[in-house]
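Please load the model in a viewer and keep the selection panel at hand.

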Amino acid sequence: MAKVYGAVEVNPERCKGCDLCVVACPCDVLKLQPLEVNNRGYHYAYPDKADACIGCSSCAAVCPDGCITVYRYVDKG
């Protein structure tokens with residue numbers, strides 16, 4: 001049976017650290033960077049548990065800045 005995997009990509013320079021994507025993710029893939037900030041001074045989101053992503057795109061749907069891209073791929077093997 002085919003298994004669906006996902007990959008999430010965040011543009012850290014556009015992210016303002018609103019935390020909406022972190023809350024929306026059902027698999028706890030995303031977190032806010034605790035120490036680093038982007039060039040605008042915000043703690044940005046990053047994929048902490050990238051292997052857990054199922055490609056649901058909930059994070060991208062709630063992102064007000066459109067800085068999240070989600071890819072889905074199917075493993076048929």
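The tour of this predicted model begins inside the protein, at the largest cavity, whose volume is about 80 Å³. It is one of 2 cavities of 30 Å³ or more.

**Stop 1: the largest cavity**

Select Val 8, Cys 25, Val 29, Leu 30 and Val 70, together with the run Cys 53, Ile 54, Gly 55, Cys 56, Ser 57, Ser 58 and Cys 59; these residues line the largest cavity.

**Stop 2**

Next, select Cys 15, Lys 16, Gly 17, Cys 18, Cys 21, Cys 63, Pro 64, Asp 65, Cys 67 and Ile 68, which line the second largest cavity. Its volume is about 60 Å³. The lining here comprises 7 nonpolar residues, 1 polar residue and 2 charged residues.

**Stop 3**

Keep Lys 16 and Asp 65, both of which belong to the lining of the second largest cavity, and show their side chains. They meet in a salt bridge, with an N to O distance of 3.9 Å. The pair joins distant parts of the chain, 49 residues apart: Lys 16 lies in the loop between β1 (3-10) and α1 (20-24), and Asp 65 in the loop between α2 (58-62) and β4 (68-75). Lys 16 counts as partly exposed because its relative accessibility is 33%.

**Stop 2: the cysteines of this lining**

Return to the second cavity lining and select Cys 15 and Cys 67. Is Cys 15 buried or exposed? With a relative accessible area of 6%, Cys 15 is buried. The closest cysteine sulfur to that of Cys 15 is in Cys 67, at 4.6 Å; a disulfide requires sulfur atoms within 2.5 Å, so this separation is too far for a bond.

Cys 18 is partly exposed, at 34% relative accessibility. For the model, the count of disulfides is 0.

**Stop 3: the other salt bridge**

Move to Lys 31 and Asp 48. How many salt bridges does the model contain? The count is 2, and the side chains of Lys 31 and Asp 48 meet in one of them, at 3.4 Å from N to O. This pair also links distant parts of the chain: Lys 31 is in strand β2 (residues 30-32) and Asp 48 in the loop between β3 (45-47) and α2, 17 residues apart. Both residues are partly exposed, Lys 31 with a relative accessibility of 38% and Asp 48 with a relative accessible area of 33%.

**Stop 4: Tyr 46 and its contacts**

Which residues does Tyr 46 contact once its neighbours within four places in sequence are left aside? They are Val 29, Leu 30, Lys 31, Leu 32, Gln 33 and Pro 34. Tyr 46 itself counts as partly exposed, at 22% relative accessibility.

To close the tour, select Val 29 and Leu 30: both are in contact with Tyr 46, and both also line the largest cavity, where the tour began.

Methods. Residues are numbered from 1 along each chain as its sequence is written. This is a predicted model: local features need pLDDT of at least 70, side-chain atom pairs count only at pLDDT 80 or more; totals for chains, interfaces and linings use all residues. Side-chain values use heavy atoms; hydrogens and water are left out. A salt bridge is a side-chain nitrogen of Lys or Arg within 4 Å of a carboxyl oxygen of Asp or Glu. Helices (H or I, at least four residues) and strands (E, at least two) are DSSP runs, numbered from the N terminus. Buried means under 20% relative accessible area, exposed over 50%, partly exposed in between (1.4 Å probe, protein chains only). On a 1 Å grid over the protein atoms alone, a cavity is a set of points where a 1.4 Å probe fits but cannot get out, and a pocket is an open set with protein on both sides within 12 Å along at least five of seven lines; lining residues have an atom within 4 Å of a point. Grid points are joined across faces, edges and corners, and a volume is the space filled by probe spheres set on the points. Ala, Val, Leu, Ile, Met, Phe, Trp, Tyr, Cys and Pro count as nonpolar, Asp, Glu, Lys and Arg as charged, and the others, Gly among them, as polar. Contact means heavy atoms within 4.5 Å.
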